[in-house]
Amino acid sequence: MGTLILSFPPPRNWQDFEQLTKDVAKYRLAGDFENYGRQGQAQDGVDVYGWDKDEVNSGLQCKHKGHTPATAKKIVTTITTKIIDAELILADTFTPKLDRFIIATTTFRDVEIQTHINNLNDKRKGKGLPKIEIWFWEAFEEEINKHSELAYFYFDEILKKFNQYDKDIHILALLKHSLSRPAFNTNFHSENNCEDFLKAISDTQRAFNTGKLYDRDGNLLTTSYPAKNLSKQEDRNEITIIERLLQKIRNFTTDNLREGNIEQRDNFLYFPGDWQTKVSETLNSDRREIIDTLNNILKRHNIEKVETHIR
């Protein structure tokens with residue numbers, strides 16, 4: 001994106017802010033984070049959960065509010081010391097026990113809130129309670145400016161306005177997000193639902209084919225252009241390899257499910273004779289090749305690679 005530092009408005013709805021918080025956490029904490037639970041489920045004060053590179057686990061609570069009559073053109077969030085104290089009651093009893101609790105908010109830095117959190121952390125030292133942090137909107141802007149794919153994924157219109165737009169990076173930002181999901185980050189022996197796995201593969205194929213990325217509940221997250229619109233032939237050739245592998249995985253999984261080589265149990269998958277059929281090994285190998293192939297493209301465009309545990 002060059003050296004121009006841009007200012008970005010907070011997302012207009014809480015779903016987008018929660019998704020952005022998850023993506024920012026992956027960069028800011030150098031770890032693996034996922035949305036916790038689904039809409040309507042009790043989440044115990046945590047919207048995003050994961051582990052950083054040092055195996056420190058963190059729960060993040062997203063605080064987003066929409067337009068108010070007094071600020072018709074701005075998105076504001078009211079964060080008070082009472083709100084923080086109330087959230088801590090949930091964070092302190094969260095299972096598994098948290099090492100770090102982060103309040104992510106669309107509001108801007110506030111010295112009173114910062115002082116309150118510093119005082120709380122001082123009182124909580126040595127008591128086995130999670131450390132508290134607050135990420136104000138400025139922290140999000142810093143990460144968005146540092147990681148171009150975040151800007152392209154969430155704020156492509158702003159980039160166009162300031163002549164910072166690159167169609168190739170926009171496409172690759174969406175493709176990277178389409179592969180940054182458990183279906184491409186979990187060894188197949190650890191998968192627990194074959195139907196969910198196949199849907200994730202199908203959603204990823206749709207992202208490559210149409211430039212539209214949906215979440216697991218069918219909500220449209222963002223759009224760009226189909227992968228075939230990448231400007232370089234070298235990139236398009238490797239995209240073709242990925243698309244063939246995605247279809248291979250889909251067919252292979254469906255066939256082995258039908259033939260009984262994959263069995264759906266209550267909350268896990270069972271592989272009778274896997275030592276001979278090598279179902280899980282094949283699926284792990286194909287997904288590694290997909291990630292490695294996309295990472296080759298991302299590297300050429302100076303975009304950080306997709307991380308995966310399938311090794």
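This is a predicted model: local features need pLDDT of at least 70, side-chain atom pairs count only at pLDDT 80 or more; totals for chains, interfaces and linings use all residues.

Reader: Noted. In what order do the strands of the open sheet come, and how are they paired?

Author: The order is 1-2-3-6-7, five strands in an open sheet, and the pairing is mixed. Strand 1 (32-35) and strand 7 (131-135) are the edge strands, each pairing on one side only. From one strand to the next, the twist averages 20°.

Reader: OK, strand 3 then. How many bridges join it to strand 2, and do they run parallel or antiparallel?

Author: Strand 2 (residues 48-51) and strand 3 (residues 57-63) run antiparallel, joined by four bridges. Gly50 stands opposite Ser58, and Tyr49 has Gly59 as its bridge partner.

Reader: What about the hairpin of those two, which residue takes a positive phi?

Author: That's Glu55, with phi near 65°; the hairpin has five residues between the strands.

Reader: And how does strand 3 pair with strand 6, parallel or antiparallel?

Author: Parallel, with six bridges joining the two.

Reader: Is strand 3 enclosed or open, and why?

Author: It's largely enclosed by the rest of the structure, because seven of its seven residues are buried.

Reader: Which of them point which way?

Author: Asn57, Gly59, Gln61 and Lys63 point one way, while Ser58, Leu60 and Cys62 point the other, and all are buried. In a regular strand, side chains alternate between the sheet's two faces.

Reader: Switching to helices. What does helix 2 lie across?

Author: Helix 2 (residues 81-91) lies across strand 3, strand 6 (100-105) and strand 7, and it runs at about 140° to strand 6.

Reader: And Thr21, buried or exposed?

Author: Thr21, which is found in helix 1 (residues 14-28), is buried, with a relative accessible area of 0%. Leaving aside residues up to four places away in sequence, Thr21 touches Val48, Leu60, Cys62, Ala104 and Phe140.

Reader: Last one: at what angle do helix 9 and helix 11 pack?

Author: At about 160°, with the axes of helix 9 (residues 233-258) and helix 11 (residues 279-300) 10 Å apart. Angles over 145 degrees count as roughly antiparallel, so helix 9 is roughly antiparallel to helix 11. The crossing is left-handed.

Reader: What sort of residues make that contact?

Author: Twelve are nonpolar, five polar and eight charged.

Key
Residues are numbered from 1 along each chain as its sequence is written. Side-chain values use heavy atoms; hydrogens and water are left out. Two strands pair if DSSP finds at least two bridges between them. Axes are lines fitted to C-alpha atoms, for helices over the stretch in contact, and angles run from 0 to 180 degrees between N-to-C directions. Contact means heavy atoms within 4.5 Å. Buried means under 20% relative accessible area, exposed over 50%, partly exposed in between (1.4 Å probe, protein chains only). Angles under 35 degrees count as roughly parallel, over 145 as roughly antiparallel, 65 to 115 as roughly perpendicular and the rest as oblique. A crossing is left-handed if the near helix is turned anticlockwise from the far one by less than a right angle, and right-handed if clockwise. Ala, Val, Leu, Ile, Met, Phe, Trp, Tyr, Cys and Pro count as nonpolar, Asp, Glu, Lys and Arg as charged, and the others, Gly among them, as polar.
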